[in-house]
Amino acid sequence: MFERKSVARRRSLFLVAYIGAFACVAPVLAQDSGDEETKETKLPKVSRAKPISPNATVNLVNLLVKQGVLTEEQAKSLIEQAANEAYVQRQAAKDATVKAGEAAKVAAAAATAASPPGAKHVTYVPEVVKRQLRDDIKKEVMAQAEKENWASPGKYPEWASRIRFYGDMRIRYRGIYYPSGNDQFNAVNFNAINTGSPYDVSSAYYYPTYDVTQDRNQFRFRGRLGMLADLHEGFSTGLRFAGGENNSPVSQNQTFAYNGGNFSKYSLWIDRAFFKYQPIQEISLTAGRMDNPFWSPTDLVWYRDLGFDGFAAQARHEVVDGVTAFVSGGAFPTFNTDLNAGINLPSYDQGPPTKLPSHDKWLFAGQLGVAAKFEESYAFKVAAAYYDFSKVQGQLSSPCRVYSASDACNTDLTRPSFAQRGNTYMPLRSIIRDTSNSGGTTGQYQYFGLAQQFRPVVASGEIDFGHFDPIHVVLDGEYVLNTAFDGRVRPDILANNLIGAFQIRPNAWFPGHYVGGKYGYLASATVGHKDIRHLWDWNVFAGYKYLGSDAMIDAFVDSDFGLGGTNLKGYFVGANLGVGENVWLAMRWMSADNIAGVPYAVDVLHVDLNGKF
């Protein structure tokens, strides 16, 4: 009997556990099944009667109490436990629902912020559309990268592509050979006097002179590095640096071991610095230090690499097919007066220091020309230019007393600030002769200025025969005439270009006859390649040059023929040979003689190795 009750009780407990487990999983099974109906089982009808208890688990426990399987205390404990578990489940479900709602609100707000008004949401994008989008985006990005050069190996950004660097290097041997018979005594170096202390013409010491008797062998080099930058809307700028043993406008050469020797370092100069505005291809405006804006096929009038300071305008227009007219003009300051230039009077003269008025010097110039090309085998170019040098002529001063080399007179600034040799000079100071200088026999400190005014007219021409291209025959010619030349300049104040014995000192003055020249010309022929760029490119050339003493200001002409300057005549020959890409050898022989004045002749040999990039 006891065993049966134990078995019955164990069965009852097992039944309670089974029913409880079923009650827990029943909602889940019902959710998984959805609204699908079971074919084999029919659901019971829903009774409208009020349920005895809130759930089946409590009813089952009460039934077991009635049958005596459970006591009241056990039933109460089971019901309380079931109620607590049900509360925990309901609270967890409620919290999960609240959190899910909050997450949904956040997601909706983020989607709204990410999608601008009017945006359409596509829940599914076909693979074909995805590929098309990828290709379009790739093309757009690559196009931008190619334009700005930021995705190409070895390329620079777009702004860097608008900057171009260029330069050249030259190593030169120069041989200087003087024949016998040159007059060393009267080879006066007026540039040394005018750029230094004035020379006391009453002194027993000799004035500075050029070397015209001792042969020289020199090795020199020239290095230049420049930059051109395209800015925006037609604006560009340029900058170039060059070497040179001094600030001469007609030389960028540096002689080895010249400035102090012992492997001393060399100077670097600003050689070009300009702005350029070119609104259309045919018109340009330039300001700063620029290349020569005037076309010149030879070096008769201008040193080939001379830099111009100032303002220039250039224009060209194709008149008919193959014929182009061009015009150039500008204004260029050649000297600007020192802001504090003045005269410091001695205390016993009882006068205050005097500041001198401005004596700025300018070049005003214009050129008109025509260039024509007929077929590929024949071309020519002609031009005429007018150059007006303002206030370059020396002026005789007011009577002034000079007590030492540091004193000044009121026309000292009319002397040239740079010169080579050849122009005719005159003393500038009208020095008072009194007891302070022993009646003019001492203390005659003198500067010298140009005796002539300069307004040269220049005619230039070039003919190019290209029948045997790439071999060309090029004929160049140029003629200059100083229209301001005055042959009636007083011979008693001249200090150069005189026939007969001549000394600069007043007590040994034999003026002779003035023979200055007002014109010059140059003719040359070149056979071979026009430009030496590649291996074995070549050309040969020869010509004759004649340049009167006052046809042109000697400061701006070629510095190689006759070692620079005017009052020279003679011939030149040479050749060029390419020894690599943009590398070539050059040789030139120049033989020059004085046209007038004291005897002077010199032969100069140049052998160059050139390279450019």
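The model is a prediction in which local features need pLDDT of at least 70, side-chain atom pairs count only at pLDDT 80 or more, and totals for chains, interfaces and linings use all residues. Residues are numbered from 1 along each chain as its sequence is written, and side-chain values use heavy atoms, with hydrogens and water left out.

The protein chain has a mean pLDDT (the predictor's confidence in each residue, from 0 to 100) of 82, with 78% of its residues at 70 or more. Five helices and 25 strands are present in the protein chain, taken as DSSP runs numbered from the N terminus (helices H or I, at least four residues; strands E, at least two). Among these elements, the lowest mean pLDDT, 45, belongs to helix α1 (residues 2-33), and the highest, 98, to strand β22 (residues 538-547). Of the 613 residues in the protein chain, 38% are buried, that is, under 20% relative accessible area with a 1.4 Å probe, counting protein chains only.

Beyond residues up to four places away in sequence, T298 touches R304, D476, G477, E478 and L522, a contact meaning heavy atoms within 4.5 Å. The side chains of T298 and E478 are joined by a polar contact of 2.4 Å (a pair of N or O atoms within 3.5 Å; within protein, one must be able to donate a hydrogen and the other to accept it, and residues adjacent in sequence count only if both atoms are side-chain atoms). A polar atom of the T298 side chain also lies 3.2 Å from the backbone nitrogen of L300.

Conventions
Buried means under 20% relative accessible area, exposed over 50%, partly exposed in between (1.4 Å probe, protein chains only).
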